[in-house]
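Here is a short briefing to read alongside the protein model. Keep the 3D view open and look up each residue as you come to it.

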Amino acid sequence: ESTCWGIDLGGTKIEIAVITSLQPLEITCRLRIPTEAEKGYEHILQQIKLALDKAEAETGLTAPKLGIGTPGALDPFTGLMKNSNSTALNGQPLHADLEKLLGIPVAMANDANCFALAEARLGIVPDVKPDAQVVFGIIMGTGVGGGIVVNGQVINGAQGIAGEWGHNFLDESGGKDYAGLDGCVETILAGPSLEKWYEHLSGTRKRLPEIVQLHEAGADPHATATMERLIHFFGKAVAPVINLLDPDVIVIGGGVGNIPYLYDKGVEAIKPHVFNTRFDTLVVRPRLGDSAGVFGAALL
């Protein structure tokens with residue numbers, strides 16, 4: 001079994017991991033360097049090369065090919081990056097440029113797809129449902145993303161947008177998102193959207209963990225209303241995904257995914273909208289933490 005090399009390209013850091021064995025999992029090298037995205041696109045390319053060079057020097061191995069997880073997605077028609085919050089990447093032929101610069105084949109997917117793939121193959125899914133065929137990985141953080149894994153393979157889609165449930169319409173009350181879409185899931189369930197809603201109700205700005213604590217303490221009706229909004233709309237947003245994909249397992253990552261109510265009250269809120277008499281979908285927390293992105297990239 002050859003080594004798997006993966007890079008997680010983040011807005012602030014680039015992380016590389018070299019996996020020498022999947023069963024059992026053995027990681028021979030893992031290191032991080034800053035992305036320094038503010039220095040522009042060409043500099044990001046050079047930083048990726050630097051990370052690879054460092055890992056090759058540290059392991060004494062040569063990467064035969066590389067998987068890379070990116071913010072945003074590669075448009076299959078144009079070969080250009082789109083929808084990336086690291087705006088220096090948008091409109092750039094990142095895939096072609098990397099293959100030219102590194103001289104090896106590169107497989108690319110967005111960070112939510114990498115998260116889903118890692119949890120499906122190496123993370124929580126083999127524990128809770130070893131025979132799972134369809135896994136839906138959710139990232140609910142500063143944005144809302146998703147990735148679909150079928151029989152151990154990422155589904156990228158014809159337009160490179162498979163799994164992007166965060167931009168499905170949900171409710172007008174969310175307002176517009178950064179792409180100008182009205183009332184989509186992200187404008188309601190993302191961390192900043194929930195904080196904005198709390199501020200809209202209370203007139204005070206607070207961070208999400210604090211809002212959760214205030215709700216738990218029963219001390220703040222606005223915090224409770226914000227949590228109730230999260231649960232209500234989480235149910236409405238996830239149910240159509242289940243009706244469409246019928247995943248064996250849904251794994252929830254990202255900061256909002258740490259809120260415990262999603263796994264009991266949130267699941268209860270999904271049930272009325274699912275086209276079945278029972279609810280058999282497993283909704284679980286991830287196992288790999290920060291490692292999911294870079295492990296998923298290596299698995300590509």
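H215 has a relative accessibility of 19%, so it counts as buried, the cut-off being under 20%. This residue is found in helix 7, and the model you are exploring is a predicted one. Leaving aside neighbours within four places in sequence, H215 is in contact with A223, T224, M227 and Y261.

**The largest nonpolar core**

- In soluble globular proteins, nonpolar side chains tend to be buried together.
- The largest nonpolar core in this model has 40 residues, and M140, W165, L189 and L230 are the ones with the most contacts inside it.
- Several elements give two or more residues to this core, including strand 8 (134–140), strand 9 (144–150), helix 5 (186–189) and strand 11 (249–253).
- Helix 8 (221–245) is also on that list, and helix 8 gives the most to this core, with 11 residues.
- Another core, of 27 residues, lies apart from the largest one, and L9, Y41, A63 and V106 are among its members.

- V144 is found in strand 9.
- With a relative accessible area of 3%, V144 is buried.
- How far apart in space are V144 and W165? Their C-alpha atoms are 7.7 Å apart, although 21 residues separate the two in sequence.
- V144 touches I139, E164, W165, G166, H167, V185, E186, L189 and A190, where residues up to four places away in sequence are not counted.

- T187 has its place in helix 5, and T187 counts as buried because its relative accessibility is 10%, under the 20% cut-off.
- Beyond residues up to four places away in sequence, T187 touches G174, G175, K176, D177 and S193.
- A162 lies in a loop, the one between strand 10 (153–154) and helix 5.
- A162 also counts as buried, at 17% relative accessibility.
- The residues that A162 touches are N113, G146, I148, I155, N156 and G157, again not counting residues up to four places away in sequence.
- From A162 to L208 there are 46 residues along the chain, and the C-alpha atoms of these two are separated by 28 Å.

**Helix 3, an enclosed helix**

- Why is helix 3 (residues 111–121) described as largely enclosed by the rest of the structure? Of its 11 residues, 9 are buried, so the rest of the structure largely encloses it.
- The buried residues of helix 3 are A112, N113, C114, F115, A116, L117, A118, E119 and A120.
- N110 caps the N-terminal end of helix 3: look for a side-chain oxygen of N110 that lies 3.2 Å from the backbone nitrogen of A112.

**The second largest pocket**

- About 220 Å³ of space lies in the second largest pocket.
- This pocket is lined by 13 residues, and the closest to its centre are E195, L208, P209, G255 and V256.
- Helix 6 (191–202) and helix 7 (208–216) each supply at least two residues of the lining.
- What kinds of residues make up the lining of the second largest pocket? They divide into 7 nonpolar, 4 polar and 2 charged residues.

**Backbone details in the loops**

- The peptide bond from Q23 to P24 is cis, and its omega is near -10 degrees.
- You can find P24 in the loop between strand 2 (13–21) and strand 3 (26–34).
- N83 is not a glycine, yet N83 has a positive phi of about 60 degrees.
- The loop between strand 6 (81–82) and helix 2 (94–102) is where N83 has its place, and at 45% relative accessibility N83 counts as partly exposed.
- D246 is not a glycine either, and D246 has a positive phi of about 45 degrees.
- Is D246 buried or exposed? D246 is exposed, with a relative accessible area of 56%, and D246 is found in the loop between helix 8 and strand 11.

Technical notes: Residues numbered from 1 in each chain as written. Predicted model: local features only at pLDDT ≥ 70, side-chain atom pairs only at ≥ 80, totals over all residues. Heavy atoms only, no water. 1 Å grid on protein atoms, 1.4 Å probe; cavity = no way out; pocket = protein on both sides within 12 Å on 5 of 7 lines; lining within 4 Å. Points joined across faces, edges and corners; volume = space filled by probe spheres on them. Helix = DSSP H or I, 4+ residues; strand = E, 2+ residues; numbered from the N terminus. Nonpolar A, V, L, I, M, F, W, Y, C, P; charged D, E, K, R; others polar. Buried < 20%, exposed > 50% of the residue type's maximum accessible area, 1.4 Å probe, protein only. Polar contact = N/O pair within 3.5 Å; in protein donor to acceptor, adjacent residues only side chain to side chain. Core = buried A, V, L, I, M, F, W, Y, C linked by side-chain atoms within 4.5 Å. Contact = heavy atoms within 4.5 Å.
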